[in-house]
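Work through the exercises below with the sequence and the 3D view at hand. Each task is followed by a solution in steps.

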Number of protein chains: 2
Amino acid sequence: MPQPDIDRTNPWKPVHKSEVFDCRYFVTRSDSVRHRAGEPRPYTHIRMKYFGIAVVPIDEDGSTTLIGQYRYVLDRFTWEVPRGGGRLDRPPVDSAKAELSEETGYRADHWLHLFNASASPGVTDEIAPCFVAWGLRQGEPHPDPVEQLVRRRIPFRDAVTMALSGEIGDLASIASILGINTRLGRGELPPDLMALLREEASSG
Amino acid sequence: MPQPDIDRTNPWKPVHKSEVFDCRYFVTRSDSVRHRAGEPRPYTHIRMKYFGIAVVPIDEDGSTTLIGQYRYVLDRFTWEVPRGGGRLDRPPVDSAKAELSEETGYRADHWLHLFNASASPGVTDEIAPCFVAWGLRQGEPHPDPVEQLVRRRIPFRDAVTMALSGEIGDLASIASILGINTRLGRGELPPDLMALLREEASSG
């Protein structure tokens, strides 16, 4: 795609970086930064120690599996695709494989990376690597004992409907499901994955 | 859609809530929480004071406008749809109108709310209300002087391609663009908006 001729250089000059809170999962930073020739001003933000992984599993009849749980931070029950943290020093696909196995018991022969997307670029450096996995073999789920997860197997097209309606409510799940659906419509997925998804669509 | 018969009750019991850092935009909290009968354990997370608004403007020939900027927190140049913070006590659509006008100069006659999605439900309570706006009238942009924004007007179908490829790199922009595109494919948008988007698609 042609690119306009624009200035992509970094206009930010940190004057001082300060970690004001540190925990296992993230650091809260309050930096003093200068934008071009402006005066220094505070920029408070979050530096994550984990990726926010998302995986859409597609099984042999074109269904997917959602995870239901009560989210403490949101104070409500949510439906999401299998999600979990992945250490920054570990390849995201390895974390995705571990997370899928933990939450669903599935092991997948085929993995496609959809995108690495920013969760909230003004506030946090969190990156969500998003995947679709197929060629599934069922094993035993082994979730974190403190997690109380519900699994729900539904046709992929119903997951698309839930992503549009807000019933699936987190951005990484929505973007992943709609990304797969849009690539399917454009014929831009591996042929065996498209066959699974079209089988599901035509059998309903 | 039929719902499985599952337990959606809140299993979390906060033992102690502690604000460990407070700034204009968010609070960092380190709570002690009990999950069902488990032992109390720390749950550190972020409570936002702002929504993370996203707006996809569609103009009279079916193009959209992206915003380019160098993001300090990501340390790279990004393309996103017009985005900005909205106070929690203000209707999100009012913040969306203000943000669209600031960053693009557009005022829109028509607004459709796409979804309210969670940015990262394990870590933060940030909600991203996402909109599509059309019936645009051009005025003068008036961005925050410290923001150095680039505007880029492109056919909507090119924005879909950029969302799939990762060239548009934040989850709210990707979910919004793909949500509009999926609803267009299903015929689930207002007729005048679908006419704009189909006009664009057929003229290319």
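Predicted model: local features only at pLDDT ≥ 70, side-chain atom pairs only at ≥ 80, totals over all residues.

**Exercise 1. Describe chain A in outline: which elements does chain A have, and what share of its residues is buried?**

Solution. Start with the secondary structure: chain A has four helices and 11 strands. Next, take the extent along the principal axes, where the C-alpha atoms of chain A fill a box of roughly 60 × 50 × 30 Å. Then turn to burial: of the 204 residues in chain A, 43% are buried. Last, look at contacts between residues at least 6 apart in sequence; 62% of these join residues at least 24 apart.

**Exercise 2. Find the order of strands in the four-stranded open sheet of chain A, and say which helices lie against it.**

Solution. Trace the strands across the sheet: the order is β8-β5-β10-β9 (chain A), and the pairing is mixed. The edge strands are β8 (83–87) and β9 (106–118) of chain A, each of which pairs on one side only. From one strand to the next, the twist averages 30°. Now take one pair in detail. β9(A) and strand β10 (residues 127–138) of chain A run antiparallel and are joined by 11 bridges. Within this pair, A:Trp111 has A:Ala133 in β10(A) as its bridge partner.

**Exercise 3. Classify the packing of α2(A) against α3(A), and list the residues that make the contact.**

Solution. First take the geometry: helix α2 (residues 156–165) of chain A and α3(A) pack at an angle of about 130°, with their axes 9 Å apart. Because of this angle, α2(A) is oblique to α3(A). The crossing of α2(A) past α3(A) is left-handed. Next, list the residues: α2(A) contributes A:Ala159, A:Val160 and A:Ala163, while α3(A) contributes A:Ser173, A:Ile174, A:Ile177, A:Leu178 and A:Asn181. Sorted by class, this contact has six nonpolar, two polar and no charged residues.

**Exercise 4. Decide why A:Ser176 counts as buried or exposed, and name its contacts.**

Solution. Locate the residue: A:Ser176 is in helix α3 (residues 171–186) of chain A. Count its neighbours and apply the cut-off. A residue is buried if 20 or more other C-beta atoms lie within 10 Å of its own. A:Ser176 has 31 C-beta neighbours inside 10 Å, so A:Ser176 counts as buried. Leaving out residues up to four places away in sequence, A:Ser176 touches A:Ala54, A:Val56, A:Val81, A:Leu114 and A:Cys130. For a distance to check in the view, the C-alpha atoms of A:Ser176 and A:Val160 are separated by 9.9 Å.

**Exercise 5. How many residues of chain A are in contact with chain B, and which element of chain A gives the most?**

Solution. Count both sides: 64 residues of chain A are in contact with 65 residues of chain B. On the chain A side, α3(A) gives the most, with 10 residues. By class, that side has 34 nonpolar, 22 polar and eight charged residues.

Key: Residues numbered from 1 in each chain as written. Chains lettered and ligands numbered in written order. Helix = DSSP H or I, 4+ residues; strand = E, 2+ residues; numbered from the N terminus. Buried ≥ 20, exposed ≤ 12 C-beta atoms within 10 Å, placed from the backbone. Contact = placed C-beta atoms within 7 Å. Nonpolar A, V, L, I, M, F, W, Y, C, P; charged D, E, K, R; others polar. Axes fitted to C-alpha atoms, helices over the stretch in contact; angles between N-to-C directions. Parallel < 35°, antiparallel > 145°, perpendicular 65-115°, else oblique. Left-handed = near helix turned anticlockwise from the far one by under 90°. Pairing = 2+ DSSP bridges.
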